[in-house]
Amino acid sequence: MPEIRVTPLGAGQDVGRSCILVSIAGKNVMLDCGMHMGFSDDRRFPDFSYITRSGRLTDFLDCVIISHFHLDHCGALPYFSEMVGYDGPIYMTQPTQAICPILLEDYRKIAVDKKGEANFFTSQMIKDCMKKVVAVHLHQTVQVDDELEIKAYYAGHVLGAAMFQIKVGSESVVYTGDYNMTPDRHLGAAWIDKCRPNLLITESTYATTIRDSKRCRERDFLKKVLIPVFALGRAQELCILLETFWERMDLKAPIYFSTGLTEKANHYYKLFIPWTNQKIRKTFVQRNMFEFKHIKAFDRAFADSPGPMVVFATPGMLHAGQSLQIFRKWAGNEKNMVIMPGYCVQGTVGHKILSGQRKLEMEGRQVLEVKMQVEYMSFSAHADAKGIMQLVGQAEPENVLLVHGEAKKMEFLKQKIEQEFRVSCYMPANGETVTLPTSPSIPVGVSLGLLKREMAQGLLPDAKKPRLLHGTLIMKDSNFRLVSSEQALKELGLAEHQLRFTCRVHLHDTRKEQETAVRVYSHLKSVLKDHCVQHLPDGSVTVESILIQAAAHSEDPGTKVLLVSWTYQDEELGSYLTSLLKKGLPQAS
Amino acid sequence: MKLYCLSGHPTLPCNVLKFKSTTVMLDCGLDMTSTLNFLPLPLVQSPRLSNLPGWSLKDGNAFLDKTELIDLSTVDVILISNYHCMMALPYITEHTGFTGTVYATEPTVQIGRLLMEELVNFIERVPKAQSASLWKNKDIQRLLPSPLKDAVEVSTWRRCYTMQEVNSALSKIQLVGYSQKIELFGAVQVTPLSSGYALGSSNWIIQSHYEKVSYVSGSSLLTTHPQPMDQASLKNSDVLILTGLTQIPTANPDGMVGEFCSNLALTVRNGGNVLVPCYPSGVIYDLLECLYQYIDSAGLSSIPFYFISPVANSSLEFSQIFAEWLCHNKQTKVYLPEPPFPHAELIQTNKLKHYPSIHGDFSNDFRQPCVVFTGHPSLRFGDVVHFMELWGKSSLNTVIFTEPDFSYLEALAPYQPLAMKCIYCPIDTRLNFIQVSKLLKEVQPLHVVCPEQYTQPPPAQSHRMDLMIDCQPPAMSYRRAEVLALPFKRRYEKIEIMPELADSLVPMEIKPGVSLATVSAVLHTKDNKHVLQPPPRPAQPTGGKKRKRASDDIPDCKVLKPLLSGSIPVDQFVQTLEKHGFSDIKVEDTAKGHIVLLQEAETLIQIEEDSTHIICDNDEMLRVRLRDLVLKFLQKF
């Protein structure tokens with residue numbers, strides 16, 4: 001029995017370390033290869049030994065697909081390909097391919113140079129890993145091999161984010177990666193056609209949230225202070241937001257951006273304009289939205305200068321780096337504010353302060369008291385519950401599988417999906433396998449003659465009745481053809497064997513044979529209105545291809561013998577006629 | 001399958017393909033050579049031009065369009081292969097009742113829009129005081145001087161479209177990416193492939209499950225800026241329609257670029273100006289890149305380069321954001337991240353300046369000697385007209401023709417006598433005949449269809465037998481207003497067998513490796529997809545309450561029974577009969593076989609090699625028993 005198997009190695013009832021194995025029609029595909037922000041031990045990477053204990057990963061996996069450049073979706077890639085060992089193709093969109101190595105290098109630097117980790121992947125490994133990448137264009141059908149094909153759809157989560165359709169024959173799976181169903185200031189909304197996959201694997205970060213309009217959130221937001229962000233993604237969105245607001249309100253307070261990376265990042269945005277939203281694409285010739293006037297580079301010394309300011313600092317979950325440094329500096333003053341614009345995974349400082357913790361244990365047993373205001377504002381470009389439902393409605397999957405979310409929230413969404421769409425919904429934990437039986441139909445070639453003959457009949461007025469197509473399926477190697485029986489016989493060089501029946505029906509009739517034939521004719525003509533009944537010049541009667549002849553009885557002149565003759569193919573009608581005639585003819589009036 | 005050929009211009013094709021009940025238009029190029037019959041449209045009233053004798057100032061701008069060979073409102077989709085081949089789009093989408101969809105890549109649409117915008121702008125900014133159309137009347141045209149007298153189909157010449165029509169036409173385009181599979185009504189699949197000629201230029205595959213047509217239009221194997229041509233996907237075509245080959249088969253583009261640079265340098269060094277009539281996109285990117293590498297070594301770094309077009313800025317900006325559609329070298333630049341084309345640097349260092357027109361800023365910045373890139377290459381409208389008038393009288397200046405679409409001598413005619421130098425360096429990167437024959441050997445289509453011009457040497461070089469397509473079987477040629485029946489017959493169609501039905505099939509092996517199964521199934525056809533489902537179970541007779549009518553019993557004669565094959569060995573058959581309780585069996589030999597007599601039942605069975613005939617009394621039970629015994633020896637199909 002064919003089946004689709006899905007096993008999350010990461011992001012199963014969890015956010016972070018996205019890595020999902022899919023087996024479909026004998027093909028094995030790994031979706032994303034992320035790291036976990038909440039851990040710095042073995043648990044930060046997926047457990048690749050699950051895939052195969054002995055063999056090489058390359059032999060087992062047909063391809064790897066990366067949905068977007070966020071580290072929780074691609075952070076383990078160099079470890080996976082260079083240290084564990086994988087030489088097969090890795091597919092991602094071009095912006096992802098451009099930006100991903102920069103973020104990986106950044107991540108490596110923090111891990112190795114700042115935290116002093118040994119046995120981490122090297123810069124060279126990142127380069128070698130990126131050599132295995134094949135760029136995928138939106139809507140392009142990429143033939144991974146003769147049977148497996150993948151296709152990218154716009155996901156709108158960050159620049160270059162894509163959803164992927166994985167297809168073998170008539171079976172398919174769609175993996176959304178992270179996506180956003182509402183266009184924002186620089187990206188468009190995710191879109192997919194009605195591709196009716198067997199399974200839709202969707203993220204569910206905001207499974208229970210329904211976001212209100214962004215306008216009011218924007219106004220609350222514009223007071224001051226520290227905004228931890230990731231260098232690429234939301235940062236650009238927030239920069240555009242502040243830039244336009246500063247311009248409109250003529251504000252003077254400085255806005256700083258903490259890393260040199262971002263300036264470079266903005267260059268990418270300028271070069272990948274086709275991946276942004278309609279408005280930016282339309283106006284970029286006049287004004288490139290990624291050239292900011294009010295936003296300046298941040299210097300460490302600015303943190304201590306008096307007066308209001310807004311600082312964007314990386315990383316976004318306050319788990320390391322400059323954002324954490326500034327946070328420590330400013331945390332003690334209740335006039336300051338930290339705004340968390342995105343989701344924080346468990347274990348990070350960001351998650352702790354968002355859950356209301358005000359005393360934080362830092363390295364070296366120091367305790368940091370947080371007096372500053374803590375605000376959470378979802379600027380994260382994930383689909384909310386409404387968006388997820390919308391996407392399910394768009395794609396019309398047979399089954400849904402939730403990943404990249406918290407178990408409790410998933411549970412709620414799962415019920416909602418099952419109720420509304422009447423499809424099964426799964427939410428496996430990491431390492432847990434979901435198996436879906438599939439029943440793919442079998443494509444064969446039908447000879448046009450046979451098909452047209454059937455379709456022409458289907459056009460008749462009483463086409464309501466289901467009509468039977470009869471033919472012969474010729475299976476030669478892997479070539480399946482459905483042809484008419486006549487053609488099959490001819491192709492195989494076989495002769496038809498004709499089976500014919502002739503039944504004698506005795507009738508009591510004293511008239512001449514010819515007159516009996518006429519009576520038979522008029523009787524059949526009146527009963528069989530839908531059939532072609534003919535009286536031939538030689539005295540015989542035909543009903544369709546059935547031949548009826550009247551003969552004298554050799555012994556009894558008062559009895560006539562009707563010879564009813566038909567072929568095996570006309571058996572029903574022939575046998576019906578004999579029984580009809582056996583009942584006798586109506587008396588001539 | 002039929003091909004309606006609406007354009008006779010081999011590089012500006014317009015064909016309509018009818019394939020499996022879909023009507024697909026392949027390109028809609030606009031042949032603008034007819035504009036050469038008109039006088040230039042100067043920005044400044046020119047006493048010289050308006051005082052020319054004879055038939056002065058005709059009705060502006062007319063273009064050759066297509067004939068009514070086919071009702072264009074029946075066209076389902078239009079496939080565009082590159083931005084030069086979509087210039088007639090507004091005429092079709094806005095004036096023929098067309099209701100379908102147009103498919104094109106994003107760069108094709110964006111740059112096509114720029115070309116149309118430029119054209120409309122050029123025409124509209126010099127409105128005509130009067131327009132004449134009566135001369136198109138056949139009786140009057142006859143009296144006109146040559147070549148107007150000989151121009152064909154002047155009645156199809158049209159006024160230029162408006163920007164409103166352009167926008168409306170472009171709104172009907174759906175963007176597609178290379179290798180995207182687009183389903184048309186479930187019957188046909190179309191796929192654009194990279195053709196290597198221009199940004200976003202594509203060849204198209206039009207296929208069903210069993211037939212494949214390739215449409216090759218404007219392809220290039222040279223390494224310029226666009227993504228390389230995808231040749232492999234053209235393999236296994238039943239028919240390959242080949243259009244858009246190079247218009248200058250004898251010129252080598254690389255040599256022409258070299259000549260271009262050296263002539264440019266020579267003129268400038270002597271204190272002259274260089275005028276390059278060009279389109280605002282395409283070869284100009286390559287020329288700027290060459291100059292970028294060339295100017296410093298040639299000592300031209302102080303010479304200003306001007307690019308004047310209403311869409312100059314947009315064209316330069318757009319070229320930088322289509323990294324995905326560029327060649328590998330340029331793509332990798334984006335990863336750095338750097339703009340893929342070096343003209344960004346030329347602009348930054350003020351070596352290249354762009355202006356929407358000669359009005360405004362340009363007049364302040366204008367320094368001579370200089371190099372000006374501007375349109376239109378026909379020299380009939382656009383800012384180029386002004387520069388021709390301005391510089392034509394000095395032999396220091398040079399006009400260099402790089403675009404191959406117009407005869408440069410005809411283009412220059414109204415400006416004669418000219419003192420300025422004229423250099424002809426046509427750069428056409430499209431396939432030449434050597435490359436075509438290599439390509440055809442590589443992809444091996446069963447049939448090749450092409451414009452008739454490609455099946456014979458060019459008229460001017462009739463001895464050059466190498467300047468034509470050479471393939472086996474010989475290419476089928478078409479000319480304008482012809483309808484070709486394409487030479488292949490469809491035999492098969494895809495049908496899906498539902499898994500439940502597949503499970504119920506009983507295959508039997510007839511020969512080694514060949515199995516057969518008879519299929520009786522219900523055919524469902526929806527959206528041109530065919531599905532076979534298991535036949536419904538026979539309905540249970542519904543109680544005896546309802547009175548049956550006689551006609552209910554009449555069997556449907558269209559219920560099909562399988563065909564039979566095989567032969568019946570008489571001895572075994574007789575044994576079987578005996579086993580099943582028949583006695584008193586007599587066998588007689590006949591000329592062709594045997595007769596088995598069941599004397600007791602007054603039944604006679606004639607058995608021959610290919611037929612069996614059971615003749616019995618009207619005893620249905622007996623007949624069915626005998627039938628089943630006979631069928632045991634036969635195979636069903």
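Analyst: Rings of Phe, Tyr and Trp (its six-membered ring) pair if their centres lie within 6.5 Å; planes under 30 degrees apart count as stacked, over 60 as edge-to-face and the rest as tilted. This is a predicted model, in which local features need pLDDT of at least 70 and side-chain atom pairs count only at pLDDT 80 or more, while totals for chains, interfaces and linings use all residues. Residues are numbered from 1 along each chain as its sequence is written, chains are lettered from A and ligands numbered from 1 in the order in which they are written, and side-chain values use heavy atoms, with hydrogens and water left out.

User: Which residues do ring pairs link into a cluster?

Analyst: By the pairing rule, the count over all chains comes to 34 aromatic pairs. Ring pairs join one cluster made of F45(A), F48(A), Y79(A), F80(A), Y86(A), Y107(A), F120(A) and F121(A).

User: Which class of pair do F433(B) and Y454(B) form?

Analyst: F433(B) is buried at a relative accessible area of 10%, where buried means under 20%, exposed over 50% and partly exposed in between (1.4 Å probe, protein chains only). Y454(B), at 5% relative accessibility, is buried as well. Their ring centres lie 6.1 Å apart with the planes at 80 degrees, so the pair is edge-to-face.

User: What distance separates R623(B) from the ring centre of F501(A)?

Analyst: A charge sits over a ring if NZ of Lys or CZ of Arg is within 6 Å of the ring centre and within 35 degrees of the ring normal. R623(B) lies over the face of F501(A), and the distance to the ring centre is 4.7 Å.
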